Amino acid sequence: MNELPDRQNGESSHRGGFGDLAGETTGLIDRSFREQIVLVAVQFPGSTSDQIDANLDELAQLVDTAGADPVDRVIQRRDAPDPATYVGKGKVTEIQAASDGSDADTVVFDDELSPAQQFNLEKILKRTALDRTAVILDIFAQNATTMEGKAQVELAQLQYRLPRLRRRGDQLSQQGGGIGTRGPGETQLEVDRRRIQRRLAKLEKELTGLRTTRKNQRKSRRRSRFHTVAIVGYTNAGKSTLLNRLTGAEALVEDRLFATLDATTRRLPLPGGETVLITDTVGFIQKLPTGLIEAFKSTLEEVAEADLLLHVVDGYGPDPEAHMHAVRSVLREIGAGDIPELTVFNKIDQLEDGGIDHLLHRHEGSVGFSARTGEGLDRVLAAIGDRLRSLTQIVELMIPWSRGDVLAAAHREGEVLLEQHEEHGTRIQARFDEVSQRLLADFVVDDVSGSVE
Ligand SMILES: Nc1nc2c(ncn2[C@@H]2O[C@H](COP(=O)(O)OP(=O)(O)OP(=O)(O)O)[C@@H](O)[C@H]2O)c(=O)[nH]1
Ligand SMILES: [Mg+2]
């Protein structure tokens, strides 16, 4: 079960559901009914109606995962968002009619609304107006289980809530309805703001502590000289299923979005004899809120510091390449854009033979497999080994007899392929990664990559 951020903080909750996200409740659990939701998207120039439909399908899936029922959709074509109401004024009336017609309590917009837009929309629609970010935050809040995950989600929620507090102050003064109510409303606002700021400071401190612990863990892993592989990909692509299949881990697998929020690392022996450390972590999505990326910094460092990214793509999904694009844009945002990437297309059990040939063809070095049936897993493992080997180089070192420490380091850091004792010292050929090569640069006599294999 979820812990409610503000309850931890001694606050009470006075409303339930989506609308109270980012503070008073974490979502729709504990509710005896599922909220009815109208979805709204704007089609800006440059996007097609197919893309908008796909985005709305995804938003519907997000809403459903959060525990509510999408019941209607409204789409508007516009050149730019209306600064006051996101959609045009006439469209707001249409949304209101759709909401009345389907008895919806809440309207969810497929883009981030500014605090002012949200406030204005709620005032006109007389119902809760939310954006994609709020729904994603809500799902994260429901799925967070570890202390770190919970702290990261709460941080993102509070940051989302802070600029939207004015709304609550105004509501308070309206609820009071009359002379004298505005004062207490504003005062409450100040109290809320200070409380959130205090809580934010505390969370940030907590997370900094956890980050240091993680960093130390990673450092000791580096010392172990295992290569690290991070599984990345769109949410629901099958990342955790793959980790479980490969390592016998028992990571949570569910047909819902953002089932995984924390990182799980396991050892993975490769067919070539090498062992690597493989990490499964949080999935990405289009328009992943920047605040969440920022809050999940410590989890995402696992990705940013990997030697190789194993990019799992749902090959059976409606638009695998759009998902790949979204994943790569998040990777760039977290500083992992330059890490070598191996693309693997999952769920081929759902496809006819040759069903992803066009994808394999377009993405050089990619591999198709099924995490569910195990088909093609051997190809995935071999490809991981190949890619890692291509990141290392074979060099020849001449180490004088007096430098037993260097010889020991060479054995520790690399994979020694050949060792010869000669008059002045030991000659070895070994495979090293870039860091080790720099460390041992003074003793390198030759780069023999290509000549030994
Ligand atoms: N048909 C089919 N389904 C699969 C395959 N691999 C995973 N799935 C299903 O896809 C859904 C998502 O799988 P997960 O492993 O939880 O996906 P994930 O990428 O870890 O998702 P998040 O952690 O939520 O981001 C589950 O219902 C899996 O059973 C596959 O090879 N074939
Ligand atoms: Mg997962």
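This is a predicted model: local features need pLDDT of at least 70, side-chain atom pairs count only at pLDDT 80 or more; totals for chains, interfaces and linings use all residues.
Let me begin with Ala230, which lies in strand β5, where helices (H or I, at least four residues) and strands (E, at least two) are DSSP runs numbered from the N terminus. Residues are numbered from 1 along each chain as its sequence is written, and chains are lettered from A and ligands numbered from 1 in the order in which they are written.

Ala230 is buried, with 27 other C-beta atoms within 10 Å; a residue is called buried if 20 or more other C-beta atoms lie within 10 Å of its own, exposed if 12 or fewer, and partly exposed in between, with C-beta atoms placed from the backbone. Leaving aside residues up to four places away in sequence, Ala230 touches Thr279, Thr281, Glu302, Val303, Ala306, Leu309 and Leu310, a contact being two C-beta atoms, placed from the backbone, that lie within 7 Å.

In the loop between β5 (227-233) and α9 (239-247) we find Asn236, whose phi is near 75 degrees, a positive value in a residue other than glycine. Is Asn236 buried or exposed? Asn236 is buried, with 22 other C-beta atoms within 10 Å. Lys126, in the loop between α4 and β4 (128-131), also has a positive phi, near 55 degrees, but Lys126 counts as exposed, with 9 C-beta neighbours inside 10 Å.

Now to helix α3. Spanning residues 89-102, α3 has 14 residues and reaches 20 Å from its first C-alpha to its last, close to the 20 Å expected at 1.5 Å a residue, where the expected span is 1.5 Å times one less than the number of residues. Within α3, Val92, Ile95 and Ser99 are buried. They cover an arc of only 60 degrees around the axis, which puts them on the same side of α3, the arc being that of the directions from the helix axis to the C-beta atoms. As a reminder, an α-helix has 3.6 residues a turn, so residues three or four places apart point the same way. The buried residues of α3 pack against β1 (36-43), β2 (69-77), β3 (106-109) and α4 (115-125), whereas the face turned away from the buried side carries the exposed residues Gly90, Thr93, Ala97 and Gly101. Just after α3, Asp103 takes a positive phi of about 60 degrees.

What does the largest nonpolar core contain? It has 87 residues, and those with the most contacts inside it are Val40, Val107, Val108, Val135, Phe140 and Leu310; such a core is a set of buried Ala, Val, Leu, Ile, Met, Phe, Trp, Tyr and Cys residues joined through C-beta atoms within 7 Å. Helix α5 (residues 132-143) gives the most to this core, with 7 residues. Domain 1 (5-195) and domain 2 (226-389) both give residues to this core, so it lies between them, and the domain bounds come from an automatic or database domain assignment. Apart from this core lies another, of 9 residues, among them Ile394, Ala410, Ile428 and Phe443.

Finally, for the protein as a whole, buried residues make up 38% of the 453 residues.
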